[in-house]
Amino acid sequence: MDTKKLLTELIKIKSTEKASANYAIKYCYNYLLENGLSSKIIENNGYKSLICEIGSGEKTIILNGHLDVVEADKEQFEPYEYNGRIYGRGSADMKGAVAAMIDTMIEIKDINLPCNVQLQLVSDEETGGENCSKYLAENGYRGDFVICGEPTNLEIGIQAKGILQIDITVQGKSAHSSRPWEGENAILKACDIFNAIKKLPFTTQKSEFYEGPSINLSKIEGGNIYNKVPDLCKMGIDIRFLPGQNPEKILSQIESVAGKNVKIHSYGDAVVTKPDDEYVKKLKSIISNHINTTVKIFGQHGSADTKFFSKYNIPAVEFGPIGANWHGKDEYIEIESINTYKKILKDFIFSIK
């Protein structure tokens with residue numbers, strides 16, 4: 001299969017919002033059909049996912065990829081090849097892996113496979129994945145091992161921090177700005193609370209892959225005129241907690257310094273795949289055979305759709321070809337790594353017993 005050509009056609013689709021991402025799903029549906037594979041499209045809240053299955057057996061390997069991309073300048077949707085690389089928005093994140101997954105399915109469809117292989121293509125990973133991968137996992141599209149083709153440079157991301165985004169409302173007391181001591185500045189109180197949160201016990205915990213949780217003061221809103229001590233401040237905090245940490249205990253610690261005016265804005269599970277998982281070890285060994293070097297296993301600070309499968313105790317990893325600058329200018333993927341990626345996927349599938 002001409003995977004490079006498929007990739008360039010996918011990059012041309014400006015799949016930055018629902019309609020165009022759905023169009024990319026339909027494009028892949030037609031491409032699979034033209035190459036002898038039937039699939040089905042599932043729609044949830046207007047977002048489309050594609051499911052294509054081949055093989056048989058007791059074990060199911062899931063290849064999960066997203067076709068939506070983040071915004072970019074117009075020229076980034078005009079792919080070009082230079083010095084062994086394909087440049088364009090989504091080349092690395094993650095249409096390169098998607099093209100490789102699709103063509104892998106086509107190339108092995110007529111071979112007697114030792115397992116069931118399920119290709120999942122989704123259209124909303126960049127906006128949280130709630131309508132596609134989460135929906136699929138909740139409705140039984142689960143397997144024994146999941147590979148999400150996020151860009152990892154042929155390394156394996158086996159864990160990911162969980163997400164706890166909170167809003168805190170801080171009350172103060174208004175006064176004239178010329179006599180601030182007569183009031184209670186809510187903005188300053190909020191800053192004190194944030195600094196106290198950064199010193200709570202959960203912030204000092206470490207793990208094999210992480211030096212600690214990530215804590216970011218993402219939003220702050222307070223005050224409306226210069227000559228008044230602000231009596232109200234609202235702040236939003238983004239916490240990425242470690243696999244194994246209890247979010248309820250984290251919230252309880254935060255309330256001990258912030259009071260009860262704490263509301264959860266968003267929550268996402270951590271990915272807890274173990275480094276000694278049999279599928280991880282098998283994948284690591286196969287990658288090593290193809291790149292002739294030690295394969296790095298690491299933990300992601302951000303999250304991907306792996307979290308929706310890890311919730312069901314399914315080992316899930318991020319594993320994709322070599323590239324750089326995803327979500328930025330000059331995003332690219334190395335062409336040779338796409339070919340290597342396909343070989344690794346095939347060898348992994350045929351190693352399943």
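User: Are Phe145 and Phe348 buried or exposed?

Analyst: This is a predicted model, in which local features need pLDDT of at least 70 and side-chain atom pairs count only at pLDDT 80 or more, while totals for chains, interfaces and linings use all residues. Residues are numbered from 1 along each chain as its sequence is written, and side-chain values use heavy atoms, with hydrogens and water left out. Buried means under 20% relative accessible area, exposed over 50% and partly exposed in between, with a 1.4 Å probe and protein chains only. On that scale, Phe145 and Phe348 are both buried.

User: How many aromatic pairs does the structure hold?

Analyst: Rings of Phe, Tyr and Trp (its six-membered ring) pair if their centres lie within 6.5 Å; planes under 30 degrees apart count as stacked, over 60 as edge-to-face and the rest as tilted. By this rule, the number of aromatic pairs in the structure is six.

User: What is the arrangement of the rings of Tyr80 and Tyr87?

Analyst: Tyr80 is partly exposed at 43% relative accessibility, whereas Tyr87 is buried, with a relative accessible area of 10%. Their ring centres are 5.0 Å apart and their planes 5 degrees apart, and the pair is stacked.

User: Which residue lies over the face of Tyr332?

Analyst: Tyr332 belongs to a cluster that ring pairs form with Tyr80 and Tyr87. A charge sits over a ring if NZ of Lys or CZ of Arg is within 6 Å of the ring centre and within 35 degrees of the ring normal. At 3.9 Å from the ring centre of Tyr332, the residue over its face is Arg85.
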